[in-house]
Structure formats: structure tokens, C-alpha cells
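Have the sequence and the 3D view open as you read.

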Amino acid sequence: NIYNGFLGKYITCLSLYFLTHLDAKKPLSGIGQEQHETTTWPANYQSPAVIDICENARVKVYSIFCKLGFEDLPGLSTLDHVTLAIVQHYLDMKVGGVWNEIENELKQEAIHPVMKDMDGLHTITKHYENVSRQVALHQTNILDKQKK
């Protein structure tokens with residue numbers, strides 16, 4: 001059974017990390033990103049969010065579950081299902097993290113977008129924060145069902 005092997009062990013490790021580190025504004029910030037101050041980068045440098053994808057196995061787990069599906073997976077514990085809620089929305093959360101980096105870099109460089117661009121940026125970042133909050137609510141519901 002694939003879930004009891006590598007993926008099961010990996011999901012358990014992710015569960016412990018995600019349960020203690022979910023933040024609606026930056027739900028997928030890796031340790032490297034959290035330790036890294038907002039800095040402006042030349043165009044030929046990769047941002048911390050992009051570097052995190054290369055150094056982190058979460059994208060691989062996301063890719064595997066995109067092939068396997070996210071529903072009706074036998075053999076997963078409640079904690080695994082809580083983690084799977086984040087894995088399912090990994091791409092949304094990662095894109096939101098990139099937009100947060102863009103917003104922070106604009107502030108750092110004292111660039112003030114025109115009102116239409118600022119409204120768009122605000123709408124985009126709020127959308128991804130809401131996705132994170134919805135995932136957190138779904139996780140709470142999973143845990144509440146287990147308690148009953």
C-alpha cells in the first residue's frame with residue numbers, strides 16, 4: 001500500500017510541520033523564506049518563494065497527489081487528512097506567497113503602483129489569504145469530526 005510506505009511517513013512529517021505553522025498571509029513559507037528579509041533582487045535572481053520550491057519536497061508530494069487524487073484515499077489518519085487539505089491547495093498558496101513577495105518588494109523599493117494596480121494587488125492577496133483561511137477551517141472541521 002503506497003500510503004503506508006513512503007507517502008504515509010512523509011505526510012505524517014508534513015502534518016507536524018503544517019499544524020504548527022499555518023499562517024493565512026504566508027501559509028507555505030519555508031524556513032529559508034521566514035529567515036530571509038524582504039530584499040529587492042535583480043531580475044536574473046530567483047525569489048525565496050521560487051527557491052523554496054526547488055529545496056522543498058512539498059511540490060513533489062503535491063504532484064503525486066494530483067495524479068492519485070485528493071478524495072477517498074484509504075489508510076490515511078485524521079492527521080493525514082488535515083495535512084492533505086493543505087497539500088490540495090498547495091499551488092494556490094504558493095502563488096499567494098509569490099504575490100506577497102511582490103507586494104513586499106514594491107514597499108521596500110518605495111514603488112507606489114497606480115490605484116488600479118494597487119486594487120488588483122490587494123484583491124489578489126486577499127483572495128489567497130481567504131483560501132488559506134478556508135483550508136484552516138476545513139482542517140478544524142476534520143479535527144472536530146474526529147473528536148465526535
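## The core and what surrounds it

Start inside: the largest nonpolar core is a set of nine residues, namely Val 61, Tyr 62, Phe 65, Phe 70, Leu 73, Leu 76, Leu 84, Val 87 and Tyr 90. Helices α4 and α5 each put in at least two of the residues of this core, and the largest share, three residues, comes from α4. Keep in mind that this is a predicted model.

Now zoom out for a moment. The chain has seven helices and zero strands, so reading the elements from the N terminus gives α-α-α-α-α-α-α. Of the 148 residues in the chain, 32% are buried.

**How α4 meets α5**

Two packed helices are described by the angle between their axes and the distance between the axes. For helix α4 (residues 58-68) and helix α5 (residues 78-88), the axes come within 9 Å and cross at roughly 95°. The two helices are therefore roughly perpendicular to each other. On the α4 side, the contact is made by Val 61, Tyr 62 and Phe 65, while α5 brings Leu 84, Val 87 and Gln 88. Sorted by type, the residues of that contact come out as five nonpolar, one polar and no charged.

**Phe 70 and the rings**

Phe 70 deserves a look of its own. Setting aside its neighbours within four places in sequence, Phe 70 is in contact with Tyr 62, Phe 65, Leu 84, Val 87 and Gln 88. How many aromatic pairs does a search of the whole structure find? The answer is three. A pair of aromatic rings is described by the distance of the centres and the angle of the planes.

| Ring pair | Centres apart | Angle of planes | Kind |
|---|---|---|---|
| Tyr 62 and Phe 70 | 6.4 Å | 35° | tilted |
| Phe 65 and Phe 70 | 6.2 Å | 25° | stacked |

Tyr 62 and Phe 70 are both buried, and Phe 65 is buried too. Ring pairs link Tyr 62, Phe 65, Phe 70 and Tyr 90 into a cluster.

**Over to α7**

Tyr 128 sits in helix α7 (residues 115-147). With a relative accessible area of 18%, Tyr 128 is buried, because the cut-off for that is under 20%. In sequence, Tyr 128 and Gly 97 are 31 residues apart, yet in space they are 8.3 Å apart, C-alpha to C-alpha.

Ala 136 is also placed in helix α7. Is Ala 136 buried or partly exposed? At a relative accessible area of 26%, Ala 136 counts as partly exposed. The C-alpha atoms of Ala 136 and Ala 85 are 8.3 Å apart, although the two residues are 51 apart in sequence.

Most residues other than glycine have a negative phi. Ala 110 has a positive phi of about 55°, although it is not a glycine. You will find Ala 110 in the loop between α6 (90-108) and α7. Ala 110 counts as exposed, since its relative accessibility is 52% and the cut-off is over 50%.

Methods:
Residues numbered from 1 in each chain as written. Predicted model: local features only at pLDDT ≥ 70, side-chain atom pairs only at ≥ 80, totals over all residues. Heavy atoms only, no water. Axes fitted to C-alpha atoms, helices over the stretch in contact; angles between N-to-C directions. Helix = DSSP H or I, 4+ residues; strand = E, 2+ residues; numbered from the N terminus. Parallel < 35°, antiparallel > 145°, perpendicular 65-115°, else oblique. Contact = heavy atoms within 4.5 Å. Nonpolar A, V, L, I, M, F, W, Y, C, P; charged D, E, K, R; others polar. Core = buried A, V, L, I, M, F, W, Y, C linked by side-chain atoms within 4.5 Å. Buried < 20%, exposed > 50% of the residue type's maximum accessible area, 1.4 Å probe, protein only. Phe/Tyr/Trp six-rings, centres within 6.5 Å; stacked < 30°, edge-to-face > 60°.
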